[in-house]
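Me: I have a chain open here and would like to go through it step by step. Can you start with the charged contacts?

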Amino acid sequence: MKKRTRRKSKNKNKNNKRKFNLYNTKVLILAAAILALVVLTLIYFKIITKYRNERIFALEASKYAKEIANPIFEVDKILVYSGANVEDSSENQDLTRVDVSQYTDFAIYINNFLKSDKLTEENTVNRIYINNIAITANQELGTRKFSTKNIDDLGKYISILDTSNEIKYDIIHRNKDKDKIDNNKSFYTDCSEPLILSYVNENIVQSVDASASDAVVSLDGSILKHLNIGLDQLNYKLTFTINIENNLGEQFLCNCSLDIDLGDGANEGIYSGSVIQSFDLSKGDYKFKKV
């Protein structure tokens with residue numbers, strides 16, 4: 001009787017062991033299947049994500065190319081007037097003590113009829129400002145300042161009290177609102193008048209005697225030659241960014257770079273008193289890019 005009990009016990013243990021092994025095998029198969037499913041799912045999502053990103057990139061590139069090919073705004077031209085201001089602080093007004101500042105006015109014309117010949121919310125301006133204003137010059141002379149100016153004062157020296165490398169303009173949406181806005185920093189929504197930027201290099205010479213000569217001295221840019229101030233000391237590169245928000249709330253920007261040569265033009269440039277330059281940018285890369 002004892003031997004039969006032992007055989008039954010052994011058989012029972014073997015059966016339990018087989019069931020355990022079979023269970024473990026099923027668990028392993030299930031775990032492997034789940035792992036394979038997870039891996040395949042990750043690969044699937046990776047492929048889908050890659051395809052989606054490539055699709056988005058292609059659409060964005062196509063959209064960008066379309067916007068570049070059909071811009072809404074561009075800087076058409078920039079007129080530049082450069083002169084000098086002379087202040088005679090001598091007691092007898094005999095030029096024995098003068099201060100000289102050099103100034104330049106920029107009239108920036110924006111073309112907003114590239115895409116349509118009619119005024120729409122898309123090609124009219126709701127907000128405009130200039131930032132990233134910087135000067136690169138061969139020599140540091142005077143104190144450089146930037147501001148806006150009334151269009152009626154172009155070519156006139158006006159001292160600048162407050163300066164910044166970001167200048168904001170007030171938008172005139174209706175003609176009847178013109179009197180409510182400071183004309184020294186205004187811009188029409190239809191771009192009908194240029195954007196005005198004024199630069200002053202204040203006191204490039206101070207308290208100098210300009211009387212030691214029998215020559216007639218004019219109180220303009222010609223005094224720079226009289227004082228032996230080389231124009232290469234005053235020439236500079238001006239860079240800035242124009243930012244526009246149209247009446248649809250869309251954002252645009254245009255990076256500008258101008259090499260200002262005060263000796264450019266006829267009659268010795270600013271040595272003749274003043275110099276006017278015109279930069280035709282319509283064929284250059286001065287189209288506003290959508291942000």
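Me: How many salt bridges does the structure hold?

Reply: The structure holds 13 salt bridges, a salt bridge being a side-chain nitrogen of Lys or Arg within 4 Å of a carboxyl oxygen of Asp or Glu. This is a predicted model, where local features need pLDDT of at least 70, side-chain atom pairs count only at pLDDT 80 or more, and totals for chains, interfaces and linings use all residues. Residues are numbered from 1 along each chain as its sequence is written, and side-chain values use heavy atoms, with hydrogens and water left out.

Me: Which residue forms a salt bridge with Lys180?

Reply: Asp177 does, with the closest N and O atoms 3.7 Å apart. Arg174, Asp177 and Lys180 are linked in a network of salt bridges.

Me: Is Asp177 buried or exposed?

Reply: Asp177 counts as buried because its relative accessibility is 13%. Buried means under 20% relative accessible area, exposed means over 50%, and partly exposed is in between (1.4 Å probe, protein chains only). Lys180, at 69%, counts as exposed.

Me: What about other pairs?

Reply: Glu122 forms a salt bridge with Lys115, and the closest N and O atoms are 3.2 Å apart. Glu122 is partly exposed at 22% relative accessible area, and Lys115 is partly exposed at 49%. Asp153 and Lys156 also meet through their side chains in a salt bridge, at 3.7 Å from N to O. Lys156 has a relative accessible area of 46%, so Lys156 is partly exposed.

Me: Changing topic. How many helices and strands are in the chain?

Reply: The chain has 2 helices and 11 strands. Helices (H or I, at least four residues) and strands (E, at least two) are DSSP runs, numbered from the N terminus. Along the sequence the pattern is α-β-β-β-β-β-β-β-α-β-β-β-β.

Me: Over how many bridges do strand 1 and strand 10 pair?

Reply: Strand 1 (residues 74-88) and strand 10 pair in the antiparallel sense over 6 bridges. Lys77 stands opposite Asp280 of strand 10.

Me: And the other strands?

Reply: An open sheet of 6 strands has the order 6-5-3-8-9-11, with mixed pairing. Strand 6 (186-188) and strand 11 (289-290) stand at the edges with a single partner strand each, so one side of each is left without a neighbour in the sheet. Strand 3 (residues 125-137) pairs with strand 8 in the antiparallel sense over 10 bridges. Within that pairing, the bridge partner of Ile135 is Leu238 in strand 8.

Me: What holds paired strands to each other, in general?

Reply: Strands of a sheet pair through backbone hydrogen bonds, either parallel or antiparallel.

Me: Last topic, the surface. Which residues make the nonpolar patch?

Reply: Leu35, Val39, Leu40, Ile43 and Ile47 make a nonpolar surface patch of about 480 Å². Patches are made of residues with over 30% relative accessible area and no salt bridge: like charges are joined within 9 Å, nonpolar side chains (Val, Leu, Ile, Met, Phe, Trp, Tyr) within 5 Å. Accessible areas come from the Shrake-Rupley method with a 1.4 Å probe, and for residues only the protein chains shown count as cover.

Me: Where is Ile43 found?

Reply: Ile43 is in helix 1 (residues 2-69). Ile43 is partly exposed, with a relative accessible area of 42%.

Technical notes. Pairing = 2+ DSSP bridges.
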